[in-house]
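Try each task before you read its solution.

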Amino acid sequence: MKLFKIYTFAILVLALLVNTSCNLTDVTDVEPVYQVSEDKVITNLDQAQTVLYGTYGILKNLEFTGYAPGLTSLMGVTMKPGSFAGSSENAFFNNDVSPDNFYAEIIYAKMYFLINNANHVITKTALLEADETRKKEIIGEARALRALSHFYLLRLWGQFYDINSEYGIVLKEQPIKDATVQPRATVSEVYELILADLDYAIQNAPDFSDTFYTSKIFAKGLKSKVLLYKKDYSQAAQAALEVIELENRTLEDTFADIFIKKIIDTKEVLFQTPFDNLNDRNNKAFIFRAYYLPSEYYVDFMEGDARKDAAIAYTTSGAARNAKFNNSTYNGVPLTADTEYFLRLDEVYLIFAEAVLRGDDDSGAALDALNKIRERSENPLITTTNKAELLEIIRNEKIFELGAESGEDWFDLVRFHKEGDLDINSFKTISSDSKLILPIPMQSVDLSDGLIIQNPDY
């Protein structure tokens, strides 16, 4: 198993961005990855690989492994604030986040920090006189990471559900060189860049070898998800089907195996973060039982499903806890660290099921994919072919498989609400549709001299 090599020159400067009270900082303008002149950053493939390792290392921070997935789950129906949660966490649970929310600021900043590092890899590696195949592999991995971060930013801060909306996000395609502020791109332009990055990665990134690194199959799986959000349903179904049919990733034998194996000999994870008992003890398991807890809705929802015992644990006093991230063991050492699953094959099956049903009205293919997941989890198979009923069953199946993990239930509620399949207020009280996305952090708006437009009603 390859290990990340995180060098001192890749140490994050995020604290300077969000903790300096006397100097406001535009959190989309982060420091370059090195504190040296840019022409000396990457001069050979070994240096390019090293900076790429550093870019992967950013994903291991709690902004990606803990805060973003936990807080987004609070926005949906599967998580509630724990005893350690304060007003900042409760704002997400109440779907009323302010532009100066601390967590929103640091997540936003860290996602752009990753993009900036990826941009160094992409632009500098392209200039090298070196083996073209290896160059393209490195660039392909970095472009997959850039696509992932732009997609996460779009889902949280942009009107991803409206391809004609002007409220996209700020796109970053070059390393930051100065304090020049960029306006927000349109939603269509954001999708265009994300899909271009993923298409490049599908063609040029390495074949799958390890869940800790992006690959062709991860890029194609993420592309199917992006296309689903973009409402290119037939193309989303095709991309998902191609991932499923590759067969170098297969479903685990049992649902519980996903969370027992974690990072060891996994069969269905496409991309995830590592952790260990030395350098990568990210404390995720602790915050998932202190700051973010399974909601009453989720506990009741799982009742009667064969996956409940693998998803929910109980304390001696009977309080529900998240069994998916309820401490781990690494090399025999109990840890409060844990992984973040960016994409698994079970989700790809359910992306295919929804996309082929919406795009091609193929209830038979949708049922086959859905029941593949039902069969693995030892739950009764679904037989209905009614489109509306089947779409709702697929949405619920994603909660059974992915609930209380990364907030997928929230994004599905938003998508289904905007499609007219449900009223989101039947699940969460939302004061207006403007609350379906977060406000752009106040610092970025204030320092842009009017160039970056805040989301409506914030």
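**Exercise 1.** Find how H5 and helix H6 (residues 132-157) pack, and class their contact.

*Solution.* Start with the axes: those of H5 and H6 are 9 Å apart, at an angle of about 155°. Axes here are lines fitted to C-alpha atoms, for helices over the stretch in contact, and angles run from 0 to 180 degrees between N-to-C directions. Helices (H or I, at least four residues) and strands (E, at least two) are DSSP runs, numbered from the N terminus. Next, name the arrangement. H5 is therefore roughly antiparallel to H6. The cut-offs are under 35 degrees for roughly parallel, over 145 for roughly antiparallel, and 65 to 115 for roughly perpendicular, with the rest oblique. Then take the hand: H5 and H6 cross in a left-handed way. Left-handed means that the near helix is turned anticlockwise from the far one by less than a right angle; clockwise is right-handed. Last, sort the contact of H5 with H6: 19 nonpolar, 4 polar and 3 charged residues. Ala, Val, Leu, Ile, Met, Phe, Trp, Tyr, Cys and Pro count as nonpolar, Asp, Glu, Lys and Arg as charged, and the others, Gly among them, as polar.

Before going on, note the ground rules. This is a predicted model, in which local features need pLDDT of at least 70 and side-chain atom pairs count only at pLDDT 80 or more, while totals for chains, interfaces and linings use all residues. Residues are numbered from 1 along each chain as its sequence is written, and side-chain values use heavy atoms, with hydrogens and water left out.

**Exercise 2.** Describe how helix H2 (residues 45-58) meets helix H5 (residues 102-126).

*Solution.* The axes of H2 and H5 come within 9 Å and cross at roughly 165°. H2 and H5 are therefore roughly antiparallel. Their crossing is left-handed. Now look for contacts, meaning heavy atoms within 4.5 Å. On the H2 side, the residues include Leu45, Val51 and Ile58; on the H5 side, they include Phe113, Leu114 and Val121. Sorted by class, the contact of H2 with H5 has 9 nonpolar, 3 polar and 1 charged residues.

**Exercise 3.** Is Lys124 buried or exposed?

*Solution.* Locate Lys124 in helix H5. Its relative accessibility is 12%, so Lys124 counts as buried. Buried means under 20% relative accessible area, exposed over 50%, and partly exposed in between (1.4 Å probe, protein chains only). Now compare Lys124 with Leu357: they are 233 residues apart in sequence and 43 Å apart in space, C-alpha to C-alpha.

**Exercise 4.** Where does helix H3 (residues 62-75) bend?

*Solution.* H3 bends by about 25° at Ala68. That bend is the angle between axes fitted to the seven residues ending there and the seven starting there. Pro69, a proline, follows within four residues. Now check burial: 14 of the 14 residues of H3 are buried, so H3 is largely enclosed by the rest of the structure.

**Exercise 5.** What is the phi of Asn95, and what is that of Lys262?

*Solution.* Begin with the rule. Most residues other than glycine have a negative phi. Asn95 has a positive phi, near 50°. Asn95 sits in the loop between helix H4 (87-93) and H5, and is buried at 5% relative accessibility. Lys262 also has a positive phi, near 60°. Lys262 lies in the loop between helix H10 (255-261) and strand E2 (269-272). With a relative accessible area of 6%, Lys262 is buried.
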